[in-house]
Amino acid sequence: MGKIIFLDVDGTLADYENRIPPSAVRAVRAARRSGHRVYICTGRSRAEVYPSLWDIGLDGMIGGNGSYVEDHGHVVMHQLLTLEQCRRAVDWLNSRGLEFYLESNSGLYASEQFAEKAQPAVREYSRRRGRDGAEHMTVSQAFPDMIYGAGLYRDDLNKISYLLDSYQDFLDAKEQFADMENGTWGGAGETALFGDLGVKGITKGNAAARLLDYLGAKQEDTVAFGDAKIDIPMFEFCHTGVAMGNAGEEAKAAADFVTGDVEEDGLYQGFLKLHLI
């Protein structure tokens, strides 16, 4: 067995308009031809991993920031929020007037007014990511397969993302839901746009360890590429951590080295430097 390569998706394998650079596709395919295994390691649930991603050639995925692990179609691990946790979170978010969506492998399920109220946050998130036309971005473009009008008490959830009216919403959620993993995304600290609730103790690093146990692979043969703070546990677990040039400063500081930007063939450059291709 060659190296085990873990790739974050948004900002690492794909650019901020969800396009995969041709050089990244070449890198993944060449690495697999050389006997290495390639897994995406993403915050996305399986429902958000579209055929265009699988078509580049992958051995499997880690999803939900570590709650789901799959190898060649076999589910290695899937840890879910309980129905009771979902019910408490949904009721609390509704009581606060906070819009949200539930992330499941079967789809994304949104609260009634999410499409309307999330528009400013979606545009700001797109602007921060450097997306062209961010001021015209719509929620339906950002979440093309979002499901509205379905039941929101579910037992198949990887995590829950919710719109922040203020950073205090996150602080209050963290106190209210100590039995869940609390995080934010879309910005650091008080600039965050969304909060999220996941399975307690879940990280990308923990999930990578579970996959290695299943494969019988060695930690010394692992490589991780990422661009965000959520990728740091993956960097810490893997033998070699590589931050993209467009990564945040915390991610860069935690990595062993920094490659180029996602839109400037950074992934391909990183594969070359590590002699993966």
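Contact, as I use the word here, means heavy atoms within 4.5 Å.

**Entry 1: ground rules.** I'm looking at a predicted model, where local features need pLDDT of at least 70 and side-chain atom pairs count only at pLDDT 80 or more, while totals for chains, interfaces and linings use all residues. Residues are numbered from 1 along each chain as its sequence is written, and side-chain values use heavy atoms, with hydrogens and water left out.

**Entry 2: the whole chain.** I started with contacts between residues at least 6 apart in sequence, and 59% of them join residues at least 24 apart. Next I checked the radius of gyration, taken over C-alpha atoms; the globule rule is 2.2 Å times the number of residues to the power 0.38. For 277 residues a compact globule would come out near 19 Å, and the chain has 18 Å, which agrees. The C-alpha trace spans about 55 × 40 × 35 Å along its principal axes.

Then I looked up burial: buried means under 20% relative accessible area, exposed over 50%, and partly exposed in between, using a 1.4 Å probe and protein chains only. By that cut-off, 54% of the 277 residues are buried. The chain exposes about 12,100 Å², with carbon and sulfur atoms supplying 47% of it. Those areas come from the Shrake-Rupley method with a 1.4 Å probe, and for residues only the protein chains shown count as cover.

**Entry 3: helices and strands.** I counted 11 helices and 14 strands. Both are DSSP runs numbered from the N terminus: helices are H or I with at least four residues, strands are E with at least two. Two strands pair if DSSP finds at least two bridges between them.

Entry 4: Inside it, I followed strand 3 (residues 60-63) and strand 4 (residues 68-71), which are antiparallel and share four bridges. Ile62 has Val69 in strand 4 as its bridge partner.

Strand 6 (residues 100-104) runs antiparallel to strand 9 (residues 157-163), with five bridges joining them. Glu103 has Lys159 in strand 9 as its bridge partner.

**Entry 5: a loop glycine.** I found Gly187 in the loop between strand 10 and strand 11. Gly187 is partly exposed, at 30% relative accessibility. Setting aside neighbours within four places in sequence, Gly187 is in contact with Arg128 and Ala192.

**Entry 6: cysteines.** How many disulfides are there? I got zero, counting a disulfide as a pair of cysteine sulfur atoms within 2.5 Å. The sulfur of Cys41 has its closest cysteine sulfur in Cys238, but at 7.8 Å that is too far for a bond. Cys41 is buried at 0% relative accessibility, and Cys86 is buried at 0% too.
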